[in-house]
Amino acid sequence: MTQNRADTLALLTRYYDAFAAHDHATMLDCLTDDIEHRINQGPIEHGKEAFAAFMVTMDTAYQETLAEMVIFANDEGTRAASEFRVLGKYLKTAEGYPEAHGQSYDLPAGAFFDIRDGKIARVSVYYNAEDWVAQVS
């Protein structure tokens, strides 16, 4: 499959629209079977099954909206990035973190992507975890 910037921008727009709608099936459809998910200051997970489990955990513990989204891609459509703000509520205590009781947070964040055969093959998400802890403490 020939990739280009426009196709990659459309793919990532579809991915983030599905995130906003909590449409896990569409998000998973945007990924390669061997997706590499690099979680901010955490583990590297592989495969759609692990990604699906991560999404369920996130939907249980956090209520998030992404704002001020900007998506970038190289000319070949093989690499991309996004920058946005995460507006959230902390709903369920995550192990090793402060107790959750509906605290709000607002974090600048970014993500980097590798695109292969019209699908997301790697997503690396970054935000300042210390800032998040300070906001929910």
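## Close-up views of a predicted model

**View 1. The lining of the largest pocket.** In this predicted model, the largest pocket is lined by at least two residues from each of α1, α2, α3, β3, β4, β5, β6 and α4 (129-136). The volume of this largest pocket comes to about 1,000 Å³. Its lining counts 42 residues, and those closest to the centre are Ile 39, Phe 54, Met 58, Tyr 62 and Tyr 127. Helix α3 supplies 9 residues, which is the largest share of the lining.

**View 2. Helix α3 and its buried face.** Helix α3 runs over residues 48-61, a total of 14 residues, and spans 20 Å from its first C-alpha to its last, close to the 20 Å that is expected at 1.5 Å a residue. Three of its residues, Phe 51, Met 55 and Ala 61, are the buried ones. When the helix is seen down its axis, the buried residues of α3 fall within an arc of 140°, so they line one face of the helix. The elements against which the buried residues of α3 pack are the helices α1 (5-20) and α2 (24-29), together with the strands β1 (31-38), β3 (62-73), β4 (79-90) and β6 (119-127).

**View 3. Helix α4 and its two sides.** In helix α4, the buried residues are Ala 129, Trp 132 and Val 136. Seen down the axis of α4, these buried residues fall within an arc of 55°, so they line one face of the helix. On the other side of α4, the exposed residues are Glu 130 and Ala 134. The buried residues of α4 are covered by elements that include the strands β3, β4, β5 and β6.

View 4. Arg 14 and Asp 29 form a salt bridge in which the closest N and O atoms are 2.8 Å apart. Because Arg 14 lies in helix α1 and Asp 29 in helix α2, the pair ties together parts that are 15 residues apart in sequence. Both partners are partly exposed: Arg 14 has a relative accessible area of 37%, and Asp 29 has one of 34%.

**View 5. Asp 114 and its two arginine partners.** The side chain of Asp 114 meets that of Arg 79 in a salt bridge, with a distance of 3.0 Å from N to O. Arg 79 lies in strand β4 and Asp 114 in strand β5 (residues 103-116), so this pair ties together parts that are 35 residues apart in sequence. Asp 114 also forms a salt bridge with Arg 122, where the closest N and O atoms are 2.9 Å apart. Arg 122, at 13% relative accessibility, counts as buried, because buried means under 20% relative accessible area. A search of the whole structure finds 10 salt bridges, among them the bridge between Asp 114 and Arg 122.

Terms used. Residues numbered from 1 in each chain as written. Predicted model: local features only at pLDDT ≥ 70, side-chain atom pairs only at ≥ 80, totals over all residues. Heavy atoms only, no water. Helix = DSSP H or I, 4+ residues; strand = E, 2+ residues; numbered from the N terminus. Expected span 1.5 Å × (residues − 1). Buried < 20%, exposed > 50% of the residue type's maximum accessible area, 1.4 Å probe, protein only. Arc of directions from axis to C-beta. Contact = heavy atoms within 4.5 Å. Salt bridge = Lys/Arg side-chain N within 4 Å of Asp/Glu carboxyl O. 1 Å grid on protein atoms, 1.4 Å probe; cavity = no way out; pocket = protein on both sides within 12 Å on 5 of 7 lines; lining within 4 Å. Points joined across faces, edges and corners; volume = space filled by probe spheres on them.
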